Amino acid sequence: MIERFVNDFFGFDPDFLEFNRVTSVKRPYTIKSEKDKSIIVHEALGIRPEDITVNIETIKGVSYLFISGETKNEVNGSNYSIKSRFSIDVDRIDHIEKEARDGLLYIEIYVKESQKPKINIIDKASDKKKILG
């Protein structure tokens, strides 16, 4: 009975509905690369920041960045959740920082500085050594 009242009382207008999102349900994230880091911006609507976990796991030799979280809606009892993973090269990562705000999860993946190898050049005639790098 109450459901009929709500449906009769509230008329949803689908022609007026408009969402402006950079992401879609099939791809709820964007990635931006900068000089020293990459930033993943992942939708996390309805999920409390303290309910979101980000960790790294290796499965069958492949390392993944896992994102998961779930928050129960106290009004209607439904659950809002996310579950995503990205393959990553852990040898190139210095550290990862995460922050959830305004319904979005920001994951900053900082890349290690590339180490230039030191190359020895030996002059056989003078037996002098020169190091490049």
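Here is a short chat about a predicted model, taking its labels one at a time.

Biologist: What makes up the secondary structure of the chain, and in what pattern along the sequence?

Modeller: The chain comes to 1 helix and 9 strands. Read along the sequence, the pattern is α-β-β-β-β-β-β-β-β-β.

Biologist: Why are S1 and S2 called paired strands?

Modeller: Two strands pair if there are at least two bridges between them. Strand S1 (residues 29–33) and strand S2 (residues 37–43) have 5 bridges, in the antiparallel sense, so they pass that cut-off. One of the residues involved is Lys32, whose bridge partner in S2 is Ile39. With 3 residues between them, S1 and S2 form a hairpin.

Biologist: Let's turn to Lys37. Why does Lys37 count as buried?

Modeller: Buried means under 20% relative accessible area. Lys37 sits at 13% relative accessibility, so it counts as buried. The residue is found in strand S2.

Biologist: How do you know that the side chains of Lys37 and Glu108 make a polar contact?

Modeller: The cut-off for the N or O atoms is within 3.5 Å. The contact joining the side chains of Lys37 and Glu108 is 3.4 Å, so the pair meets the distance limit. The Lys37 side chain also makes a polar contact with the side chain of Tyr110, at 3.5 Å.

Biologist: Which residues does Lys37 touch, leaving aside those up to four places away in sequence?

Modeller: Lys37 touches Lys32, Glu108, Ile109, Tyr110 and Val111. Touching here means heavy atoms within 4.5 Å.

Biologist: Stepping back to the chain, what share of the residues is buried?

Modeller: Buried residues make up 21% of the 133 residues. The accessible surface comes to about 11,300 Å², and 51% of it belongs to carbon and sulfur atoms. Of the contacts with a separation of 6 or more, 38% come from residues 24 or more positions apart.

Definitions and conventions
Residues numbered from 1 in each chain as written. Predicted model: local features only at pLDDT ≥ 70, side-chain atom pairs only at ≥ 80, totals over all residues. Heavy atoms only, no water. Helix = DSSP H or I, 4+ residues; strand = E, 2+ residues; numbered from the N terminus. Buried < 20%, exposed > 50% of the residue type's maximum accessible area, 1.4 Å probe, protein only. Areas by Shrake-Rupley, 256 points an atom, 1.4 Å probe, with all protein chains shown as cover. Polar contact = N/O pair within 3.5 Å; in protein donor to acceptor, adjacent residues only side chain to side chain.
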